[in-house]
Amino acid sequence: MRPKVLAPLIAAMLCLPGMLTADEGERRADVALVLAIDCSDSIIRAEYELQMQGLAEALRSAEVIEAIAALPSRRIVISVFHWAGGRVQELVLPWTPIGGAAEAEAAAGRIAGHVRYVTGETSISGAIEYAVARSHSENPYRSLKRVVDISGDGVNSDWRPPEPERDRAVRLGIVINGLAILSDEPKLGTYYLEHIAGGPGSFVMTARDALDYRDQIRRKLLREIALPVS
């Protein structure tokens with residue numbers, strides 16, 4: 001077949017439903033995960049460092065790398081930000097693909113080395129809005145599963161109530177999970193279940209304190225990376 005005839009045929013085939021171009025294939029990820037880290041006034045410096053180091057160590061762990069490798073595309077994308085008051089958020093890590101140990105190590109290094117600038121009141125509603133409106137709307141990757149992971153040590157005390165933001169996220173197909181740090185509020189896990197978590201398969205995990213956060217965030221990542229069984 002002549003080149004002039006072959007070229008349009010190939011282009012047409014690439015546009016068929018279910019077929020991906022090379023660029024689209026590079027932009028696929030099984031899970032798009034936003035990690036929202038509490039940096040409100042109640043989080044002291046030592047607790048902040050335990051959160052960030054714990055998250056970095058979780059990303060580096062062999063279990064998490066193996067879980068990613070078991071996915072169909074062998075890739076997830078993550079974005080990380082700090083939150084405090086209603087309009088107080090700071091992007092720590094833009095959308096970053098992780099498909100192996102080298103990419104996980106690079107992302108973990110950026111997270112662990114980030115300097116904290118955010119502090120203020122506790123607005124989980126502001127954190128959810130930021131995650132949905134800014135992070136998910138700016139995600140260039142096609143994902144089977146979209147998750148917002150809210151970590152914190154207190155109830156919503158600033159700006160709007162969290163339920164309308166949670167419900168809007170769920171309507172957009174986004175799952176919201178929680179990791180409640182119980183050092184200041186022992187019943188915070190129940191609050192997160194009733195007011196924060198939402199969407200199919202959503203869940204809340206608890207950490208006794210910031211030190212326990214290290215183990216729990218790893219377990220939480222493993223649950224969030226896993227795809228639902230069809």
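Rings of Phe, Tyr and Trp (the six-membered ring for Trp) form a pair if their centres lie within 6.5 Å; planes under 30 degrees apart count as stacked, over 60 as edge-to-face and the rest as tilted. The model is predicted, with local features needing pLDDT of at least 70 and side-chain atom pairs pLDDT 80 or more, while totals for chains, interfaces and linings use all residues. Numbering starts from 1 along each chain as its sequence is written, and side-chain values use heavy atoms, leaving out hydrogens and water.

**Aromatic pairs.** The structure holds two of them. Select phenylalanine 81 and tyrosine 130: the ring centres are 4.5 Å apart and the planes at 50°, so this pair is tilted. Phenylalanine 81 sits in strand β2 (residues 76-83) and tyrosine 130 in helix α6 (residues 124-136), so the pair ties together parts 49 residues apart in sequence. Helices (H or I, at least four residues) and strands (E, at least two) are DSSP runs, numbered from the N terminus. Both phenylalanine 81 and tyrosine 130 are buried (under 20% relative accessible area, 1.4 Å probe, protein chains only).

**Charges over rings.** The criterion is NZ of Lys or CZ of Arg within 6 Å of the ring centre and within 35 degrees of the ring normal. Select arginine 27, which lies over the face of tyrosine 141 at 5.2 Å from the ring centre. Next, select arginine 160, over the face of tryptophan 159 at 3.9 Å from the ring centre.

**Helix contact.** Finally, select α3 (residues 45-60) and α5 (residues 101-112), which pack at about 175° with axes 8 Å apart. That makes α3 roughly antiparallel to α5 (an angle over 145 degrees).

Terms used: Axes fitted to C-alpha atoms, helices over the stretch in contact; angles between N-to-C directions. Parallel < 35°, antiparallel > 145°, perpendicular 65-115°, else oblique. Buried < 20%, exposed > 50% of the residue type's maximum accessible area, 1.4 Å probe, protein only.
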